[in-house]
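Subject: Structure handover and notes

Hello,

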Amino acid sequence: MRFVVSTTQLLKKLQLISGVISSNTVLPILEDFLFDIQDGKIKVFATDLETSMSTEIDAESKESGRIAIPAKILLDTLKTLPEQPLTFAFDEKTFGIEISSSTGKYKLAGENPEDFPKIPTTEDATEVEIPSEVLGRAIGQTLFAVSNDELRPAMTGVLFQLQPDGMTFVSTDASKLVKYKRTDVVAQEAASFIVPKKALQLLKGSLPTENTQVQVSYNSSNAFFSFAETQLICRLVDAKYPDYNAVIPVDNDNLLTVGRMDFLNTLKRVSIFSNKTTYQCVLNIAGTELKVSSQDLDFSNEAFERLNCTYDGDDLEIAFNARFLIEMLGVLETEEIKIELSSPTRAGILVPGDTEDGEQLLMLVMPVMLNH
């Protein structure tokens with residue numbers, strides 16, 4: 001069985017899906033790409049059993065066949081070869097593979113394609129279309145707040161809530177929460193499911209730069225994302241998402257408006273002097289002045305900076321984990337941000353100074369106890 005394929009095209013497509021392959025896998029076959037050659041096209045699959053990706057490449061081939069090829073050795077070889085047609089020949093009985101370039105030959109052992117795990121199919125799936133720009137933005141705004149705590153599985157992914165009046169994407173790790181809503185993209189019927197972190201990281205990295213429609217299909221166990229010649233399939237997190245609306249405070253009488261980059265850079269500097277366990281930074285807000293301070297009593301370190309701000313409310317002193325604020329300010333994009341506050345013991349809410357039509361973004365951060 002033989003086929004001919006372009007080096008750079010093959011490398012580009014394999015790199016797109018290679019992130020699925022785990023470095024410490026229990027089954028050797030999971031370290032392979034599955035090549036399925038039919039009608040002058042190669043469909044390549046990679047999986048870690050939880051997440052699978054596939055992509056399609058044009059090839060010259062008169063036959064059909066399947067072979068599992070070790071991913072690392074193939075990628076390492078392709079990275080060093082200049083652009084040229086590569087000829088792959090493999091024996092469907094012994095699974096021996098020979099790759100021929102213009103200057104050399106490379107032989108390696110493949111594996112039985114029948115041992116490659118079955119990829120889930122879209123049975124009983126409901127379908128919805130989401131523009132890649134919206135999906136990429138939703139992932140970018142929420143992914144950083146996803147929890148890594150395996151004891152709380154619901155929080156290890158992003159909640160997708162699809163409604164006839166819009167779509168909401170939520171992530172939380174119990175210290176911070178992000179709620180990103182679009183009213184300009186809707187679903188025919190209401191549904192909600194939790195997509196795990198790894199799948200979203202892979203999806204974000206592989207979405208096309210030009211805006212295209214992403215076909216999103218889902219059933220009770222899996223979600224399928226299809227765009228261009230690529231498909232990503234992931235097992236959904238089987239858990240009930242916490243009632244996030246219950247933790248969002250509604251009566252925040254104090255409103256602080258401050259320049260995002262000024263505030264971000266101040267926090268980066270001042271937090272260097274904070275306690276390395278709590279990263280506590282104290283905000284003192286009075287009139288048109290915001291004072292940001294931190295200290296580490298163990299090492300006699302302390303720092304403070306003053307910033308100009310617009311503030312409507314009572315004088316307030318509240319402390320936050322600086323790293324959480326830095327993450328949030330790094331994801332927000334507007335020149336100014338608004339922080340809604342009520343008391344030193346209740347969550348603060350960050351919202352962008354202005355948003356695009358049809359877009360709503362809210363970030364919540366829990367305070368740290370003040371240590372006087």
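Leaving out residues up to four places away in sequence, T142 touches V158, F169, S171, V178 and Y180. T142 belongs to helix α3, and with a relative accessibility of 1% it counts as buried, since the cut-off for buried is under 20%. Please keep in mind that this is a predicted model.

Overall picture

The protein chain has 372 residues, and 52% of them are buried. Its secondary structure comes to six helices and 25 strands. Taken along the principal axes, the C-alpha atoms fill a box of roughly 75 × 50 × 35 Å. If we take the contacts between residues at least 6 apart in sequence, 67% of them join residues at least 24 apart.

Helix pairs

Two helix pairs are worth a look.

How do α3 and α4 pack? Helix α3 (residues 132-142) and helix α4 (residues 197-206) have axes 10 Å apart, at an angle of about 130°. The crossing of α3 past α4 is left-handed. On the α3 side the residues are L135, G136, I139 and G140, and these meet L200, L203 and K204 in α4. Sorted by class, this contact has four nonpolar residues, two polar and one charged.

The other pair is helix α1 (residues 7-17) with helix α2 (residues 71-80); their axes come within 10 Å and cross at roughly 135°. α1 is therefore oblique to α2. Here too the crossing is left-handed, with α1 passing α2. T7, L10, L11, L14 and Q15 of α1 make the contact, together with L74, L75, L78 and K79 of α2. The classes in the contact of α1 with α2 are six nonpolar, two polar and one charged.

Is K176 buried or exposed? K176 is in strand β12 (residues 176-182), and its relative accessibility is 4%, so it counts as buried. The side chain of K176 has a polar contact, at 3.3 Å, with the side chain of E327. Apart from residues up to four places away in sequence, K176 touches F144, A145, S171, F324, E327, M328, L364 and V365. S171 is also one of the residues that T142 touches.

Two of the residues touched by K176, F324 and M328, are among the buried residues of helix α6 (residues 322-331). The N-terminal end of α6 is capped by N321, which has a side-chain oxygen 2.9 Å from the backbone nitrogen of R323.

Most residues other than glycine have a negative phi. Two residues in this model are worth checking against that.

F95 has a phi near 65°, a positive value in a residue other than glycine. F95 is in the loop between β6 (85-90) and β7 (96-100). The relative accessibility of F95 is 18%, so it counts as buried.

Y279 has a phi near 50°, which is again positive in a residue other than glycine. Y279 is placed in the loop between α5 (260-270) and β18 (280-286). Y279 is buried as well, because its relative accessible area is 18%.

A239

A loop residue remains. Where is A239? A239 is in the loop between β16 (230-235) and β17 (254-259). With a relative accessible area of 30%, A239 is partly exposed, because that class runs between the 20% limit for buried and the 50% limit for exposed. Setting aside neighbours within four places in sequence, A239 is in contact with P153, A154 and I194. A239 and L361 are 122 residues apart along the chain, and their C-alpha atoms are separated by 24 Å.

Regards

Key:
Residues are numbered from 1 along each chain as its sequence is written. This is a predicted model: local features need pLDDT of at least 70, side-chain atom pairs count only at pLDDT 80 or more; totals for chains, interfaces and linings use all residues. Side-chain values use heavy atoms; hydrogens and water are left out. Axes are lines fitted to C-alpha atoms, for helices over the stretch in contact, and angles run from 0 to 180 degrees between N-to-C directions. Helices (H or I, at least four residues) and strands (E, at least two) are DSSP runs, numbered from the N terminus. Angles under 35 degrees count as roughly parallel, over 145 as roughly antiparallel, 65 to 115 as roughly perpendicular and the rest as oblique. A crossing is left-handed if the near helix is turned anticlockwise from the far one by less than a right angle, and right-handed if clockwise. Contact means heavy atoms within 4.5 Å. Ala, Val, Leu, Ile, Met, Phe, Trp, Tyr, Cys and Pro count as nonpolar, Asp, Glu, Lys and Arg as charged, and the others, Gly among them, as polar. Buried means under 20% relative accessible area, exposed over 50%, partly exposed in between (1.4 Å probe, protein chains only). A polar contact is a pair of N or O atoms within 3.5 Å; within protein, one must be able to donate a hydrogen and the other to accept it, and residues adjacent in sequence count only if both atoms are side-chain atoms.
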